[in-house]
There are 2 protein chains.
Amino acid sequence: MSSATLPRDRSLSRSSASSASSSSMAVDSAYGSSYTTQASSSRGFASSSKNATATYKRVLTTKSINPHVLEAEYAVRGEISNRANKYAAQIAEGKSDELPFSSVVTANIGNPQQQPYLAQKPLTFWRQVAALTEYPELMQQPGIDKIFPTDTQERAKLLLDDIGSVGAYSHSKGAAVVRKHVAEFIEQRDGYKSDPELIYLTTGASGGVQLLLQVIIAGPDSGVMIPIPQYPLYSAALALYNAQPVKYDLNPFDDWSLDVEAMSRSIDEARAKGVDVRACAVINPGNPTGQCLSYENIQDLVRMAYTKRVVLLADEVYQANIYQPDTRPFHSFKKVLLDFSKSSAAEDQAIARSVELVSFHSISKGVSGECGRRGGYFELTNIEPSVEAEIYKLASISLCPSLQGQIGVDMLVKPPSQGEPSYELYKQETEGIHATLKSRSDKMAQKFAELPGVEVEPAQGALYLFPRVTLPKGAHEAAKEKGKKVDEFYCLEMLDKTGICVVPGSGFGKMPEEETGACFFRTTVLAKETDEFIERYGKFHTEFVEQYK
Amino acid sequence: MSSATLPRDRSLSRSSASSASSSSMAVDSAYGSSYTTQASSSRGFASSSKNATATYKRVLTTKSINPHVLEAEYAVRGEISNRANKYAAQIAEGKSDELPFSSVVTANIGNPQQQPYLAQKPLTFWRQVAALTEYPELMQQPGIDKIFPTDTQERAKLLLDDIGSVGAYSHSKGAAVVRKHVAEFIEQRDGYKSDPELIYLTTGASGGVQLLLQVIIAGPDSGVMIPIPQYPLYSAALALYNAQPVKYDLNPFDDWSLDVEAMSRSIDEARAKGVDVRACAVINPGNPTGQCLSYENIQDLVRMAYTKRVVLLADEVYQANIYQPDTRPFHSFKKVLLDFSKSSAAEDQAIARSVELVSFHSISKGVSGECGRRGGYFELTNIEPSVEAEIYKLASISLCPSLQGQIGVDMLVKPPSQGEPSYELYKQETEGIHATLKSRSDKMAQKFAELPGVEVEPAQGALYLFPRVTLPKGAHEAAKEKGKKVDEFYCLEMLDKTGICVVPGSGFGKMPEEETGACFFRTTVLAKETDEFIERYGKFHTEFVEQYK
């Protein structure tokens, strides 16, 4: 392989630069920024051209590109996680002795199968079916039944009969057979009819949410309600599509419940200011907060959506991560909405028929944790068909979600049933993962709460804890000096001292409390070595409080 | 499984409706459209609520949603392909006797592995590695070497060492090991250094193009040059992001070459009109046109990009589909750009260091045709690092491309090499597919050209033919009566008569010629039963010309 670099002849460069600038001036003087040393990265040949193109004006600069891209923030993969990646690389290169820790714990993102620190084992049934759909020739191998139970082969054949090949584009909504199974899953869950034609398979829930927001947002005055704290996908997408976030608070002192009265008022206030509030995003079970909304809370929300005319975006990707099923079961928005039809009140009847709802689900969470497969779905309820046609067109521009993502959705909604060869192992694996998640969540919450200034309840659902931390005055001063929010400062210190990577509350829009100064952070409950994780964090926090008191 | 439907009590419904409308009026009277019968689809429970909510005003209507979604068009999956889907469903239900054909030929989209009519066989090496990464336990099975050659197991292990699990999110740019292999592939292809940090794995090329356009487009006055005819992803994305398409023509009478002088003038004209022309999309080899640009043509384009200051977006997804390698080889834009550094002229040196280039590639085309896997990549050349950081942030909001898509990219850029166990079969399979594609393309072009009024050259590259068809006056009148463009009318008739689904030229922005009335359509060259395909089409065309002469 040959490789060329560029000469550094200054005289050539200068003349070239001037000719470059003159020609560029001629066509456009709008671009402020000139080629700076920042642009002369150490990357590839560019590094050798620093002076040479010193006055060439790049077309794309942070001054010229889409300003809404600049505005979008995504804290789950921001400064802290980038620093964590650097540490991980350092350790991988065997330079861990330069660090006060021997491993990085990526507790910043719900990525259960991430190696080596989380390493949740994939579900055997899922992977066997996936492998057979990738290489169907396996099913002709003698003795294959010893490796692949017959139901995994039957499922693979059922899927391949419809999709033909995982290498072929499917229908833009997703393969018909998978959407049919999704509809059956929803009908069994809710007891109401579900139409496969109103179900769209997506690239994770993120893909679906972004697609729907793109349709809903008509201009800069369009408003979408988002919870505070919220999963930053929503704020990022609203910034990107240049819409107005209309924020509503979850109450940290009442299981992060939402106050529908207050939400109603904030809609009126926003509309009075000219914001065209169109939709309301609700994450249930909550991310980062882990609450499960009560049936009544959801009912009130649905009524509000009706009277205030807002579309409900129900992010229900954690519906299988429920830790207090008796007191805090999961209620789907669709079921609560359609239950209004059982009431004899005229308005309730109308509510069931009228409120526009989009419900999102994903294969990335639950007990499967198949994030890398990128699969999910959304279901449309009470959406006008002419609008649905536009959603379909938009989906078709991206052709289709990955077929292995679609197959993951099939596994999610149609697991092995009792009596089938894979059932026992599947039951054992899923119950084991669920029990582990619950015990970790409970244990971490209990131990964290014992630390000075840390308040946290066991999660009702999802994969996270969102502790409230009251830090000493010194920490606030030190943060200010460093030009950081106190929660950012705290989380960066945590990473530097322990290798634990978490996300500051402000990354979810939950700012440090003005009166009390208390702040928040989100950690996943996925760390395999839970005790060691708790100890690492506890030691850090205690020392931190001591140092800055 | 229980299932509920809604009551139809009119009296309840009316009162509910009025209360609904009054409450909705109270908050907002801006939404024009009221709930029409159109909304009372035959879907699920909605069908029972037609009259009940006759005056409830939906939030989302085609009047209220994002107008740019309405404007976006994507002909590859539009009216014709939807009708084709209906016919295919009809045939699947065994109702083919109602139709004048027994199968639908989806020649509208490059989807080689689609069953049953195209059914290109997947590459064994790809699928074996994919299966092993899905279910690594296979590698512990006794006698596994008989099924999976050792190099497939080694590749699977190499990938898993880096990604851990296909169920885990990777780095937002894609797995490091795959990006390293992509960089090696590019260095071998071009003879210039490639930096894995400037390579982004994507969800097909479509995902990458949409991401880059989102960054480049700063507002309604931003302009991006697109070829006519063009792959409709570009026009759709520009409509969606509300930017100005600046069109340039490819010359059907000169191998669809592009006229750089004319392009230069159109930039000046657009800028004079206040359009901020920022980028130029070039598809090489061409889609739908199949041309391979000459080295000199690309050189001229690069010079133009420098003097006019436009970013080059090089869509090179068909770079492995080359049918006249001696006379029309593939030249990558990156190689042609960096070759300027070999010149002693000062301006040429500056060009190599200055012109901003994004090069796209995909696993969906070539001889792999792994569309459903959704994988691709783009490489950034001469992009300012601060802009690259924004591209990274935007990519991170969608977390990462599907891992099986990323693994597909690894297979694409790092095939088995001579001496490895899988090499011979891989060579045989890929050469076989390539030869088939070329012979089909040549044969179809030759036979089509024998038909009255049909002009078409054998494709130089890609997977399509784009014949120029001169139709009799009667056809133009019949089309006008039906309110269709003549090429749409012709293609709809083709589908209704033969089951062959193609895309009218106007779907690529190539309108019927005003002077001559000649029009175009795009067909893939993927039909397995090529002779039967040619005969079906030939019979239709001859009868059509006869009928409308």
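Among the residues of helix H5(A), those that are buried (under 20% relative accessible area, with a 1.4 Å probe and protein chains only) are A:Asp151, A:Thr152, A:Gln153, A:Arg155, A:Ala156, A:Leu159, A:Leu160 and A:Ile163. In this predicted model, local features need pLDDT of at least 70 and side-chain atom pairs count only at pLDDT 80 or more, whereas totals for chains, interfaces and linings use all residues. Residues are numbered from 1 along each chain as its sequence is written, chains are lettered from A in the order in which they are written, and side-chain values use heavy atoms, without hydrogens and water.

The buried residues of H5(A) pack against helices H4 (124-134), H6 (176-190) and H14 (403-413) of chain A; helices are DSSP runs (H or I, at least four residues) numbered from the N terminus. A:Gly164, with a positive phi near 80 degrees, follows H5(A).

Chain A contributes 149 residues and chain B 147 residues to their contact, defined as heavy atoms within 4.5 Å. The area buried between the two chains is about 12700 Å², and carbon and sulfur atoms give 58% of this area; buried area is the accessible area (1.4 Å probe) that two parts lose on being put together, summed over both. A:Tyr169, A:Arg309 and A:Arg353 supply 8% of the area that chain A buries against chain B, more than any other three residues.

Between chain A and chain B there are 2 salt bridges, each a side-chain nitrogen of Lys or Arg within 4 Å of a carboxyl oxygen of Asp or Glu. A:Glu134 forms a salt bridge with B:Arg373, with the closest N and O atoms 2.6 Å apart. Helix H13 (residues 385-397) of chain A gives the most to the side of chain A that touches chain B, with 10 residues.

Key: Buried < 20%, exposed > 50% of the residue type's maximum accessible area, 1.4 Å probe, protein only. Helix = DSSP H or I, 4+ residues; strand = E, 2+ residues; numbered from the N terminus.
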